[in-house]
Every structure is written in C-alpha cells, then in structure tokens.
Amino acid sequence: MRSFGVLLRRELGAIFLSPMAWTALTFFLAVMGTSFWMLLDLLSRGAERTEGGEVIGQLLGSIFFWLALLIVAPVITMRTIAEERRSGTFEMLMTAPVRDGTVVLAKYTAALLFYAVLWLPTLIYPLTLRLLRPFGAPLDGGALAAGYLGVMLIGAAAIAAGVFTSSITRSQVTAALGAFAIICVFFLAGFLPYIPHGETVARTAHYASGVSHLLDFARGVVDTRPIAFYLINTAWLLWATVRMTEARRWK
Amino acid sequence: MEMREMRRAGRRRRRALRWNAVASLVLAAILAGLLHYLAARHYVRRDWSGVGFYRLSPKTTALLDSLQEDIEATILLKGGHPDLNDVQTLLREYQLRTPRFFVARVDPDRSPARVEALAKRFPITEPNVVIFAAGDRFRIVPEREWIELEPPDPDAPKNQAPRRRAFLGEAAFTAAIQSLTGEEPRVVYFLEGHGEKSIESAEPGFGLSQLARLIRQDGVEARRLPLDETRRIPDDAAALVIAGPRRRLPQPAVDMIHDYLDHSGRVIVMLDSRTQTGLEDMLSRWGVRVGDDVVVDPTRTLTGQELLVGPYPDHPITSPLARYGYSVFYQPRSIEPMGNGEAADRPRATSLALTTAKGWAERDFDARPIRFDADQDRPGPIAFAVAVERGAAGTVDVRLRATRLVVFGDSQFVANRSLTGANGDFFLNALRWVMERHEPMGLAPKSIAEVRLHLTRRQMQALAAFFIIGWPSLFALIGVGVRMRRRH
C-alpha cells in the first residue's frame, strides 16, 4: 500500500510537470468552452426547447466531449508505460520490490486523477448558467451529477484502454494511435443503435453505446447497465495490462 | 554446451509464459463477457433529474411488466422533426423496461422502401406516426395525440412553427399498448340498407371512406352490415354504427338493435334532422330524447349552416378533444339525456355537446330568418350528442359487460368533406369509449419549458472571449508557471 502511494505521487508529479499535460488541459478547456459558448448562443436565441436535463445533455453529451476525449485520453496515457520502457526506467521499476499490479494501478490512478482535474474547471459552466439566470427551466442538479458521473465512467474506461495500448509498445506514438483507434471505434459504434437493425443487434448496440449512455446520464438517468459496462471493461483492460507487463518482463 | 541448454530452457520458459499470458487474457475476456451478460440482465434504472421528463409512471411500468407477447413500435418520423428526440427517448425507456418491447425508427426521407413496406402492412394515412404492432393487431398513433401545440400566434412570422406546449407521449403510447393487449373482437359494423352513409364511398358529402381509414388506423376493422341479408348482428361485432339512415328502419331491425343493446351491446347512432328512422322510441327507452328539430346557436356559427362545438363537457370521450380545438356539426337535431335513474341497472346518459344559453332547438325548419320563438322552440343550452352507459357496476356477475351507447344528432360531421378540426377524434373517441378500448390512463402531460437567456451581442462576445480564450489560457499560464518554478 505504501509503495502504491509512493508510485502514485511519482506518477502525478511526472504528469503535472510535463508540458503535455498543461497543453492537454488548455486544449480541452478551449474545446469545452466552445461547446459551452455554443450552448449559450443557442439559449440566447431561445429557439431551442430545453428541459432542465437537456441543457446538461448539450453541455456534456455533445460531439465536443467525444472530440476532447479522443484526443485527451491517448495524450494522457501514451507515455505511462511506453515511455518508461523506451527510456529504460521500466526495468528499474520492475526490479524494484513492488508488484506489477501496483505499478499499473498507480499509473492508471494518476492518469484518471489528471482526467478528473481536466473536468474541474468545467464546473464553471453550470455556475455561469445559474448566474445568468435563464428564463425557464433551471439547471437540474440531479442531471448534472449524473452527467459528470457518466463523463467519469467513460473516461475511466478510455484511460484504461490508453494504459493498455501503452503497455504493448515502446513507441508513444503507436500507443497513442492505438488508444485513439480503440476510443474511435467505440465512439462510432455508439451510433449503431440509431441505425435500423435486427432486435438482438439493437439491444447489444444499446448496451455498448457510449453515445446513448452519455445522453442518458446527462438527463439524469442512472442505470446500472452502463455503469457495469464501463467498470467491467476498465477492470478487464487493467488486468490485461498487468499481464502484458508481466509477459514483457521476460523479453 | 551447458550455455546452449540454459538458453534453450530460458526460451522454453519464455514461450510458456507468453502462452500463459495469452490464455489468461482469453479467460479474462470470457469472464468479462459473462459479467456483461449478467449486468445487462440484472439492473436498476433510476432517474436523478428533478423534471423526470421521460420517467415512466407506475401505470406504464406495470403494463410493460405484464406484457405477454412481443410489441413492436415503429417510429415514422423525419430527421429534424421537433418531437423525434422526445418520442425516441421515451420509447427507449419502454424498451429498456422489458425485453417484450422493441423500437425501430424509419426515416421517410432516407428509406422510402421501408415506408412502402410499412404502408403495405398498415393503413397509414398521414406522415409522422408511431405504429404499435403485436402479431396482426396494430394501432397507429398520429402526431397530434402525443404533442400539444400552442395556439398559433397571429403576430408570429408565417413560417415559424408553433411552439410546443406539452408532451403527452406516455399517455398516448401506453394507451396504444394497452389497446393491443387482450383478445377482444375488433370489428366495428356499419349498418346499411336504409340510406346510411357508406364506409366504402369516397363521395364528399355522403361517403365515410376517410372515417373508415381513421378507424382502421386505430387498429379496428370497419365492415359493412347490410342488415337485410343477415337479419342479425354478427357475434364478432365490437360495436355497431348507424350512420345517418334516411329511411325508416323496419321494426324487426329496431327490435334487434334494442336486443343487442340489452345484451351489453355497443352502438353509435347518428341521426340527422328532418328524418324519421323508427329508432327514436327505442332510444327513449335508453334514456335519450331525440328531438324533431334543428339546433341553432347564433354565437357558435359562421354561416348558419354549421355549429361549432367546444368547450366540451367533462366526459372520457370529450375531455381529450380540447387539445384539438372545435368540432363542427351541421344542423344537428337535439339529442338530450332524459333524466337519469338512481338504480345501477338504469341507463345513465351524459351530454357530450351543448349549445350556449343563447342557442335553442328550432321546431320550424323553414322559418326565415331563424329566430327564437318562445311558444314552440326550447331555449338553450341544448344538447345534440349523448353518451349512455348502463353499468355492469353493482351486478354480481363481473363478466357482464356494460352497455354503451352514443347518439349524435348529426351524421354529416363525419362525412369525408367534414372531417376537419376535432370531428374525426370526436367520433374515434366515442368509438373507443363504447368499445371500452383506449380508456384514458390519467397520465399527466409533461409540460415543455423553454429556456431563454437574455444576452446582448456584446455580452455574447465577452462570454466567447472568456470561455474559449480566457479560461483555457489561465491554465496554460499556470502550466508555464509550474515549469518555470521547477527550472529554478
């Protein structure tokens, strides 16, 4: 447990001192800020009907979220293992008296914490909306909480995918591209339920559709199915990462 | 020699480890798949939002949980339709509730072939519908049943769509699903042979072909009943409609209709003014007085020929009509309840359409100009449509169904030419009521709020500068600061 704390602090330090992290944060906020401004523009024209939860859907469930996630998650995770392997520090880490699982978990947790930090400055958006006192339905607190829960769950799985791709290659670029591909396929598959299909396909597509999950969360619907979906996938990807690092140790 | 063997042993060990890793990855994938399978089957779904716009009511969830057969819903809406998202999201909640419910959407712009296939299977009469089907039974819910629009604003620009006021999707869809459950007969017979209006005629003034399409769209079959041939009302009749006979019905036919009513029959009668059909006496035994007159109301007419109805009295048939606006009747005769008995087995009659106090029942058909004549005309309010129920309530035998009868003082209002305003729905609701089908579920509409911000152009620019440039830059600066401190 102590070694986990030490490792986590090391990882966090590495992230927050890298220029990449701050660039990612700036990029992320610019994208989400544009999304929020477009929402404000929409509301000021008043043409769009929006329920309390729907405002949050526009804020968190829009294409901008996916755009940001597609770029940010690979960028956060690409260096986690690949970089250490390339620079040779990974061997040191592996020979240190810590278990592989602890190492992977510390790296993953650090990346997830950074992802959460990315989202912290976005809390200013609902605050701003409240301050601007829109006419009509106020912001829905429940939907907001559920929306952020969904954002964190999807992020958790995306980051697990990033850490996994980082564990199978030495090259950061390959790792980032791999994570990008996985998230991209997942995002595009999210539109499957909106295309006509047979019943079984449609039900499976719904179960695995991140797009519809996020829209549901953002209107305040908390379902154990998507929660389980992301937690199982996160766990499985992390476990695979541990196995990959173990197998690689013998190379 | 030893060295080589050690190397070989190491290689073997590495290979074993790699296979070990692969095998455990496969196992983990299988385990994850199993967990997904379990998670998809056992779940809890909660709505944290305060509005709960798509939250299903206990009535709907109880109905969905009790479904015995598969129900297939098809949303036939163009992309960009203002209700598309609401309808889709709500019906997805239905689908997520039970594996017996399945939703698909067809975009008429993108898949005309599928629309054609649907049109072959269902009598679709309008765009923008949701089709519910269970086996060979179906029900088509048109747009107007799920959305309530604001009355058009005369000051608004011409091409601006009316604002949506409330979403009644759950009430409309749940009622449709409800009407698909159960196996009761779904044929309604239209009496013929005495100058009645025909469901097969497309003639504007005397044909009911449009009405027949509306009925079929509602999932009920409409058939002609030439009474001279059969002499009896078929057993599969869910209801009998007598649409404006012009000639007197023979006494055996009248007796047969009375007998049918007496055995929990379901009848809609439309009687035009200036006709004698022989049904008048029979109806009086059911608590309905049929007047030999014309109902007029100068405050509810434009040309003197028609009579606008609305607001409506409170009754399951008429309450939903308020959303659709006025219905228009054409010189109806008075149809009034005769005073209700107290006993449960006495028919209870309720007015469905009334004039204002300024209207009256005119006895002199040829008087010009028409004016109220205190000696022979009766003062308003005058009713010209009545619903009668003789309840099974209070009887011991629960299988005994109630008798239901609706009498309209006009048949012109459902003719092809006249199916405007709320006319079609007035008849359809009456038919649903007599068939005890599609009873209102008492599900409240969800009001549609409009969120609007009042921001000037300058304010919008300032907000853009802050959120797109200012706020992200702040964090870029912090990042630079962190790196500077680190370097020193």
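This is a predicted model: local features need pLDDT of at least 70, side-chain atom pairs count only at pLDDT 80 or more; totals for chains, interfaces and linings use all residues.
**Loops, salt bridges and the A–B interface**

User: How much area do chain B and chain A bury between them?
Analyst: The size of an interface is often given as the accessible area lost when the parts come together. On the contact count, 62 residues of chain B meet 71 residues of chain A. Carbon and sulfur atoms account for 64% of the buried area, and the area that chain B and chain A bury between them is about 5,900 Å².

User: Which element gives the most residues to the side of chain B that touches chain A?
Analyst: Between chain B and chain A, 14 residue pairs are in polar contact, both residues being at pLDDT 80 or more. On the chain B side, the elements that give two or more residues are α1, β1 (45-47), α3 (84-97), β3 (101-106) and α11 (457-487). The element that gives the most, with 15 residues, is α11(B).

User: How many salt bridges does the rule find across the interface of chain B and chain A, and which residue of chain A pairs with B:Arg45?
Analyst: Side chains of opposite charge can pair when their charged atoms come close. Over all chains the count comes to 39 salt bridges, and across the interface of chain B and chain A the rule finds four. In one salt bridge, at 2.6 Å from N to O, the side chain of B:Arg45 meets that of A:Asp223.

User: Which parts of chain B does the salt bridge of B:Glu93 with B:Arg45 tie together?
Analyst: The closest N and O atoms of B:Glu93 and B:Arg45 are 2.5 Å apart. B:Glu93 is at 10% relative accessibility and therefore counts as buried. Because the two residues lie in separate elements, the pair ties together parts that are 48 residues apart in sequence, namely helix α3 and strand β1 of chain B.

User: Which residues are linked with B:Arg45 and B:Glu93 in a network of salt bridges?
Analyst: One pair in chain A is A:Arg219 with A:Asp216, whose side chains meet at 2.9 Å from N to O, and both of these residues are buried. The network that holds B:Arg45 and B:Glu93 also links A:Asp216, A:Arg219, A:Asp223, A:Arg225 and B:Arg92.

User: How many of the nine residues of helix α12 of chain A are buried?
Analyst: The buried residues of α12(A) include A:Gly210, A:His213, A:Asp216 and A:Phe217. Just after this helix, A:Gly220 takes a positive phi of about 95°. Helix α12 (residues 210-218) is largely enclosed by the rest of the structure, because the buried residues among its nine number eight.

User: Is B:Glu200, which meets B:Arg224 in a salt bridge, buried or exposed?
Analyst: The side chains of B:Arg224 and B:Glu200 meet at 3.4 Å from N to O. B:Arg224 lies in strand β9 (residues 221-226) and B:Glu200 in the loop between β8 (187-192) and α6 (209-217) of chain B, so the pair ties together parts that are 24 residues apart in sequence. B:Arg224, at 37% relative accessibility, counts as partly exposed. B:Glu200 is at 54%, over the 50% limit, and therefore counts as exposed.

User: What accessible area does the nonpolar patch with B:Val22 have?
Analyst: B:Val22 is found in helix α1 (residues 2-41) of chain B and is partly exposed, with a relative accessible area of 38%. B:Val22 forms a nonpolar patch on the surface with B:Trp19, B:Val26, B:Leu27, B:Ile30 and B:Leu34, and their accessible area together is about 630 Å².

Conventions
Residues are numbered from 1 along each chain as its sequence is written. Chains are lettered from A and ligands numbered from 1 in the order in which they are written. Side-chain values use heavy atoms; hydrogens and water are left out. Patches are made of residues with over 30% relative accessible area and no salt bridge: like charges are joined within 9 Å, nonpolar side chains (Val, Leu, Ile, Met, Phe, Trp, Tyr) within 5 Å. Accessible areas come from the Shrake-Rupley method with a 1.4 Å probe; for residues, only the protein chains shown count as cover. Helices (H or I, at least four residues) and strands (E, at least two) are DSSP runs, numbered from the N terminus. Buried means under 20% relative accessible area, exposed over 50%, partly exposed in between (1.4 Å probe, protein chains only). Contact means heavy atoms within 4.5 Å. Buried area is the accessible area (1.4 Å probe) that two parts lose on being put together, summed over both. A polar contact is a pair of N or O atoms within 3.5 Å; within protein, one must be able to donate a hydrogen and the other to accept it, and residues adjacent in sequence count only if both atoms are side-chain atoms.
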